[in-house]
Amino acid sequence: QEKIRLTVFVLNNQGLGVLGKKILIETDSSLVIDAIQGSTDNYGKAFFDISTTKPAQYFLEIKIDDKALNQKAHLVFN
């Protein structure tokens, strides 16, 4: 079972990481998403491992403190 590690960076207008932002990922129910670190650290990073048994392309909606980003993340499992 293949896994993809998704890293989300939350930066302020000066390009510095923002601490303590809660990251939510909404997507297809066939994906298994494990929050390794679901809130941002001192560098503004959050980590998720994503896996599936169904090869396909997926588009993830990422929310930061319940506010959705304008763009979706694109993952491909072969």
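Student: Which strand does Phe47 lie in?

Tutor: Heads-up: this is a predicted model, where local features need pLDDT of at least 70, side-chain atom pairs count only at pLDDT 80 or more, and totals for chains, interfaces and linings use all residues. Residues are numbered from 1 along each chain as its sequence is written, and side-chain values use heavy atoms, with hydrogens and water left out. Helices (H or I, at least four residues) and strands (E, at least two) are DSSP runs, numbered from the N terminus. Go to residues 45-51, and you'll find Phe47 in strand E4.

Student: Is Phe47 buried or exposed?

Tutor: Buried means under 20% relative accessible area and exposed means over 50%, with partly exposed in between (1.4 Å probe, protein chains only). Phe47 has a relative accessibility of 19%, so it counts as buried.

Student: Which residue in E4 is the bridge partner of Thr7?

Tutor: Two strands pair if DSSP finds at least two bridges between them. E1 and E4 have 7 bridges and pair in the antiparallel sense. Across from Thr7, the partner in E4 is Phe47.

Student: Which strands stand at the edges of the sheet?

Tutor: This open sheet has 3 strands, in the order E1-E4-E3, with antiparallel pairing. An edge strand here has a single partner strand, so one side of it is left without a neighbour in the sheet. The two edge strands are E1 (3-9) and E3 (32-37).

Student: Why is the pair of Tyr58 and Phe77 given the type it has?

Tutor: Rings of Phe, Tyr and Trp (its six-membered ring) pair if their centres lie within 6.5 Å; planes under 30 degrees apart count as stacked, over 60 as edge-to-face and the rest as tilted. The structure holds 1 aromatic pair. Tyr58 sits in strand E5 (residues 56-64) and Phe77 in strand E7 (residues 73-77), 19 residues apart. Their ring centres are 6.1 Å apart and the planes stand at 75°, so the pair is edge-to-face.

Student: How many salt bridges does a search of the whole structure find?

Tutor: Side chains of opposite charge can pair when their charged atoms come close. The rule for a salt bridge is a side-chain nitrogen of Lys or Arg within 4 Å of a carboxyl oxygen of Asp or Glu. One of them joins Glu26 and Lys63 (3.1 Å, N to O). The number found is 3.

Student: Which residue meets Arg5 in a salt bridge?

Tutor: Arg5 is partly exposed, with a relative accessible area of 48%. The N to O distance is 2.7 Å, and the partner is Asp49.

Student: How many residues apart in sequence are the parts tied together by Asp65 and Lys21?

Tutor: The side chains of Asp65 and Lys21 meet in a salt bridge (3.3 Å, N to O). Asp65 lies in the loop between E5 and strand E6 (67-68), and Lys21 in the loop between E1 and E2, so the pair ties together parts whose separation in sequence, in residues, is 44.
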